[in-house]
Each structure stands twice: as C-alpha cells, then as structure tokens.
Amino acid sequence: MNAGNEIESILEEAQKVINGSKTETDLDNNKNIFIGKKGKLTAVLKNIGSLSIEEKKIFGQRANQAAEKIEEYVHKVRTSLKEEYYSVTLQTEKFDTTRPLKPEETGSLHPITKIQYEIEDIFTSMGFSIMDGPEVETDYNNFEALNFTGDHPARDMQDTFYTSDGNLLRTHTSAIQVRTLRELKPPFKIIAPGRVFRYEEVDASHENTFYQIEGMVVGKDISVSNLIYTMNVLLKEIFQKEVKVRLRPGYFPFVEPGFELDISCMVCDGSGCSVCKHSGWVELLPCGLIHPNVLKLAGIDPAEWTGFAFGLGLDRLVMMRYAINDIRFFHSGNLRFLKQSF
Ligand code: DAH
C-alpha cells in the first residue's frame with residue numbers, strides 16, 4: 001500500500017473506532033491508538049525515511065491533516081459524551097426543591113451569628129457601614145497604631161498568640177479601626193464584627209477564641225453624649241426594652257476619656273444575683289472618645305475631627321440574653337445546645 005492510501009485507511013478506521021467510544025476514558029484510549037506516541041499514524045510518519053524530499057513534503061502535509069481530522073473526531077465525540085453525561089445526571093439527580101424539610105433536616109444559625117446579624121441591621125439602619133479585616137494582623141495594626149507604644153504595659157492586658165513571622169492573631173476588632181481610619185475619609189460611621197483570639201486559660205467565662213463588634217464614629221464635634229445615645233439605641237433594640245446604663249472610667253490606650261459601660265443586670269433586674277456578683281450591674285461595653293494620637297497616626301487631624309469608639313463582646317451579650325452560664329457551649333459543637341431555638 002502506498003503511504004497516501006495508508007493514511008486514508010488509518011483515518012477511516014480512526015473515525016469508526018473513535019465514534020464507538022462509550023466513555024471519555026475510552027475515548028482517550030482510542031485516540032492514543034492513532035495519534036499517541038505509539039499510535040498508528042505516528043508509526044507511519046516514522047517510516048518515511050526512504051521517500052524523496054518532495055514526497056516527504058506532500059506526505060507530511062497529509063499526515064498532519066489526518067491528525068487534525070482525528071482531533072476533530074475526538075472533539076465531537078467528547079462534546080456529545082459530556083452532553084449525554086449531563087443530561088443523564090440531571091435526570092437521575094433530580095430533586096424536589098419545593099418539598100418542605102423535616103425539622104431534623106434543617107440547620108440553623110449559631111446564636112452568635114444571629115446576634116451579629118441583628119446588630120448589623122440595627123447599625124446599618126442608623127447609616128453605619130460594615131468593615132472587615134484579617135484575623136492575622138500586624139503588631140502595628142493591633143497595638144502600635146492604637147497607642148500601645150513600645151512595650152506599653154497595657155499590652156499585657158491582652159495575652160497574645162504570635163505567629164513565627166512576627167505577626168499575631170488579632171486580640172480585638174479594634175485593629176479594624178486602624179485599617180478604617182487609613183481607608184475612609186471622615187466623616188464616617190462604621191461597625192466591624194469579627195473573631196478575635198487571646199492566649200487564655202479556658203473556663204466558664206473565658207475562651208481563647210471569641211467574637212466582638214467594634215464601632216467607630218468620626219466627625220465634627222462628636223462627644224460623649226453621641227456615644228451614650230448610640231449605645232442606648234443599640235441596647236434598647238437588642239433587649240427590646242429600655243435598659244439602664246452607667247458609665248465608669250476605664251483605661252484603654254486608644255481612647256481618652258475611656259469608659260466601661262455597664263447595664264443593669266437583666267437576670268435580676270438590678271436587685272443583685274450571682275451573674276452580676278450581687279452588684280446589680282454587668283460590665284458590657286468598653287468605649288470612649290478616640291485618642292488624638294490614634295487619629296494622628298492614621299493621618300487625621302485631631303484638631304478638626306473627633307470620634308467615639310466601642311467594643312462589644314458578642315459572647316457575653318448572647319450569654320446575657322439567653323442566660324447561658326458557660327461560654328464553652330459556643331464552640332462545643334453540641335447539637336443539643338445548638339438546636340435550641342435562639
Ligand atoms: N478592644 C478592647 C478590648 O478588646 C475593647 C475596646 C475598648 C474597644 C474601648 C473600643 C474602645 O473601641 O473604645 O479589650
């Protein structure tokens with residue numbers, strides 16, 4: 001058989017064999033019979049040594065065209081195999097999206113997530129934006145830019161997990177304040193929910209991983225009255241009733257003055273119980289006016305702009321609202337706990 005005819009007959013055979021492929025693996029194997037390393041067409045090409053240059057040229061061209069044709073057959077079959085696969089899968093894996101779920105089939109939001117969403121709604125309705133930041137932070141964003149300069153003793157207030165490259169797991173969502181101050185131009189109102197980490201012994205009221213929502217307002221003439229008003233709205237919405245609050249001085253290097261905002265105990269209505277250590281008050285919300293140094297470090301002129309900030313512990317808040325007495329429930333993965341309707 002001359003070389004030209006040989007190519008024609010390989011092509012004919014290839015078409016038959018390739019068209020008979022039942023699966024994509026089958027198809028790949030069949031393709032290799034013809035244009036793989038040890039394929040028939042490849043073999044023919046290896047034997048053209050004895051031909052004249054002119055013949056080699058013509059023959060080589062035909063072989064290339066044949067190879068292209070075979071690729072075409074393969075492509076066609078692959079497309080139709082894929083289509084067949086999807087239409088079969090669609091038929092067999094059909095499910096009824098309108099069937100109501102049985103109660104044991106439904107999942108639910110974690111109580112902390114739920115309260116986070118609620119708080120986001122309350123603040124966005126007051127015109128706040130929601131900001132985000134990474135869980136692994138730089139020492140600068142977590143401490144330095146918040147006026148914890150050098151080896152400021154206040155750093156010891158927050159036992160920290162450091163990473164081997166000198167970064168850390170953020171100890172508070174206040175790190176997002178720093179990012180925001182650099183990113184947005186005042187005036188602005190933001191909240192920033194997030195997971196935070198402390199190198200702590202775990203017990204009924206301490207976790208090494210917990211959740212906070214940071215809040216920050218920067219504008220002209222922002223005062224403590226604005227802060228108290230905003231906190232009152234928040235607490236009234238969350239607890240669905242007027243909540244008595246009091247401010248005590250509190251120290252955080254990034255606010256001046258700094259406060260601890262206490263609410264009257266929800267469990268005993270302020271008359272004194274074990275939850276409030278018989279004081280009638282529960283510490284809930286540290287806050288204050290943003291320290292001028294913090295604004296300055298972010299390139300904002302404290303003579304022109306002022307602001308307030310607060311950090312709300314979500315775990316504590318959920319515990320208060322549902323009278324949960326052990327923080328360890330939150331990460332326990334205990335379905336009996338999680339399946340309660342919060
Ligand atoms: N970041 C502080 C902490 O986790 C809480 C805090 C205090 C946040 C005062 C604030 C603030 O925004 O103004 O201990």
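View 1. Ser174 places a polar side-chain atom 2.8 Å from a ligand nitrogen atom. Ala309 uses its backbone: an N or O atom lies 3.1 Å from an oxygen atom of the ligand. The protein buries 94% of the 350 Å² that the ligand exposes when taken alone. A polar contact is a pair of N or O atoms within 3.5 Å; within protein, one must be able to donate a hydrogen and the other to accept it, and residues adjacent in sequence count only if both atoms are side-chain atoms. Accessible areas come from the Shrake-Rupley method with a 1.4 Å probe; for residues, only the protein chains shown count as cover.

**View 2. The shell around the ligand.** The ligand is surrounded by 16 residues (a heavy atom within 4 Å). The closest are His172, Ser174, Arg198, Gln212 and Glu214. At least two shell residues come from each of helix H7 (174-183) and strands S5 (209-219), S8 (281-290) and S9 (306-313). Helices (H or I, at least four residues) and strands (E, at least two) are DSSP runs, numbered from the N terminus.

View 3. His172 is in the loop between strand S3 (168-169) and H7. Is His172 buried or exposed? His172 counts as buried, because its relative accessibility is 3% (buried means under 20% relative accessible area, exposed over 50%, partly exposed in between; 1.4 Å probe, protein chains only). A polar atom of the His172 side chain lies 3.0 Å from the backbone oxygen of Asn142.

**View 4. Two cis peptide bonds.** The bond from Pro186 to Pro187 is cis, with omega near 5°. Pro187 is in the loop between H7 and strand S4 (188-197). Glu256 and Pro257 are also joined by a cis peptide bond, with omega about 0°. Pro257 is in strand S7 (residues 255-264).

View 5. Asp269 is not a glycine, yet its phi is positive, near 60°. Its place is the loop between S7 and S8. Asp269 counts as exposed because its relative accessibility is 59%. Ala323, also not a glycine, has a positive phi of about 50°. Ala323 is in the loop between helix H10 (314-322) and helix H11 (335-338). With a relative accessible area of 58%, Ala323 is exposed.

**Notes.** Residues are numbered from 1 along each chain as its sequence is written, and side-chain values use heavy atoms, without hydrogens and water. The model is predicted: local features need pLDDT of at least 70, side-chain atom pairs count only at pLDDT 80 or more, and totals for chains, interfaces and linings use all residues.
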